[in-house]
Amino acid sequence: MLEAVVAAVKSVAQQEILPRYLRVARQRKADGSLFTEADIVTQEVLSRELRVICPGPVVAEEMTEQEQKDRWEAGDAGLWCLDPIDGTTNFVNGLPYFAVSVALMRHGRSILGVVYNPVSDEMFYAEKGRGAHLNGERLPIKEHVPALRGAIANVDLKRLSPKLAQGICSPARPFSSQRNYGSCALEWCYTAAGRFDLYLHGGQKLWDYAAGSLILEEAGGHMCGFNQDDFWAEPLWQRSAIAALDPDLFLQWRDWVRAHQ
């Protein structure tokens, strides 16, 4: 099944997304977020292909909130979670950090995840209990683990409390350098690969974390929420994330974040 999903994601991305890269008009949804023709077409085509691979509901970003909730409730035994373009703002502005994100979920947990950046041709993927890979290479790729003070952190500041954001931006922050790439799916995968040492996000939608969190977990990484050590116990539709690949760094990072909320 994983091979079929990887093939479908790559084919649809190359046929429907790349030809529209830098050539498509943008629109805004009611919540102010961007979407494009590429988002809609990719979602429609890939949804059909995923249901052929494994029948079941598809919960996707470019659906109404009610559709998403109805399909989630109907798909406990198995459903697809799809973000056709995670990082649409990057996509429409020519920044090469966006991805197709697909997860197969059962009983509220991800069992298969695929994240593909068609610009870099990087395919991240994982199956529960079988490890995570990037283009055939086992993750993580970078093995060096710095001390917390020397770590690189990927942090989305806009969804943090003022107190925590201030701490992240202060000279007293616990890490060396901070980044934010604007694509949750890729940020999870970059952490799984060892490109980032730490990860922090104040609130993600289901399709933001469904595939990437499994890829990090299967790479040996660790994650929790702001209020729950069990990441999957956090609120489904607005889930916070504290994560790191190395277990010692994770514990130090978790404790610092929670002490500064």
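Here are some worked exercises on a predicted model, each with a task and a stepwise solution.

**Exercise 1. A helix and its surroundings**

Task: Describe helix α8: how many residues does it have, which of them are buried, and what do the buried residues pack against?

Solution: 
- Step 1. Start with the extent. Helix α8 covers residues 247–259, which makes 13 residues, and its first and last C-alpha atoms are 18 Å apart. That span is close to the 18 Å expected at 1.5 Å a residue.
- Step 2. Look at the N-terminal end. Asp246 caps α8 there, with a side-chain oxygen 3.1 Å from the backbone nitrogen of Asp248.
- Step 3. List the buried positions. In α8 these are Leu249, Phe250, Trp253, Arg254, Trp256 and Val257.
- Step 4. Find the partners. The buried residues of α8 pack against the strands β10 (152–155), β12 (198–204), β13 (222–224) and β14 (239–244), and against helix α5 (162–169).

**Exercise 2. Two helix pairs**

Task: Which pair is roughly parallel and which is oblique: α5 with α8, or α6 with α7?

Solution: 
- Step 1. Take α5 and α8. Their axes lie 9 Å apart and the packing angle is about 130°.
- Step 2. From α5 come Lys163, Leu164, Gly167 and Ile168, and from α8 come Trp253, Trp256, Val257 and Ala259. By class, they divide into 6 nonpolar, 1 polar and 1 charged.
- Step 3. Turn to helix α6 (residues 184–193) and helix α7 (residues 206–218). Their axes come within 8 Å and cross at roughly 5°. Angles under 35 degrees count as roughly parallel, so that is the label for α6 and α7.
- Step 4. Name the residues here too. Cys184, Ala185, Trp188, Cys189, Thr191 and Ala192 of α6 meet Asp208, Tyr209, Gly212, Ser213, Ile215 and Leu216 of α7. This contact divides into 8 nonpolar, 3 polar and 1 charged.

**Exercise 3. Backbone details in loops**

Solution: 
- Step 1. His107 is in the loop between β5 (99–106) and β6 (109–117). Its phi is positive, about 55°, although His107 is not a glycine.
- Step 2. Check the accessibility. His107 has a relative accessible area of 57%, so it is exposed.
- Step 3. Move on to Pro140, in the loop between β9 (137–138) and β10. The peptide bond from Leu139 to Pro140 is cis, and its omega is near 5°.

**Exercise 4. The setting of Asp121**

Task: What does Asp121 touch, and which side chains does its own side chain meet in polar contacts?

Solution: 
- Step 1. Locate the residue. Asp121 sits in the loop between β6 and β7 (122–127), and it has a positive phi of about 60° although it is not a glycine.
- Step 2. Classify its accessibility. The value is 34%, so Asp121 counts as partly exposed.
- Step 3. List the neighbours. Leaving aside residues up to four places away in sequence, Asp121 touches Lys10, Gln14, Tyr116 and Asn135. For Gln14, the C-alpha atoms are 9.6 Å apart in space, while the separation in sequence is 107 residues.
- Step 4. Pick out the polar contacts. The side chain of Asp121 makes one with the side chain of Lys10 at 3.4 Å, and another with the side chain of Tyr116 at 2.6 Å.

Terms used:
Residues are numbered from 1 along each chain as its sequence is written. This is a predicted model: local features need pLDDT of at least 70, side-chain atom pairs count only at pLDDT 80 or more; totals for chains, interfaces and linings use all residues. Side-chain values use heavy atoms; hydrogens and water are left out. Helices (H or I, at least four residues) and strands (E, at least two) are DSSP runs, numbered from the N terminus. The expected span of a helix is 1.5 Å times one less than its number of residues. Buried means under 20% relative accessible area, exposed over 50%, partly exposed in between (1.4 Å probe, protein chains only). Contact means heavy atoms within 4.5 Å. A polar contact is a pair of N or O atoms within 3.5 Å; within protein, one must be able to donate a hydrogen and the other to accept it, and residues adjacent in sequence count only if both atoms are side-chain atoms. Axes are lines fitted to C-alpha atoms, for helices over the stretch in contact, and angles run from 0 to 180 degrees between N-to-C directions. Ala, Val, Leu, Ile, Met, Phe, Trp, Tyr, Cys and Pro count as nonpolar, Asp, Glu, Lys and Arg as charged, and the others, Gly among them, as polar. Angles under 35 degrees count as roughly parallel, over 145 as roughly antiparallel, 65 to 115 as roughly perpendicular and the rest as oblique.
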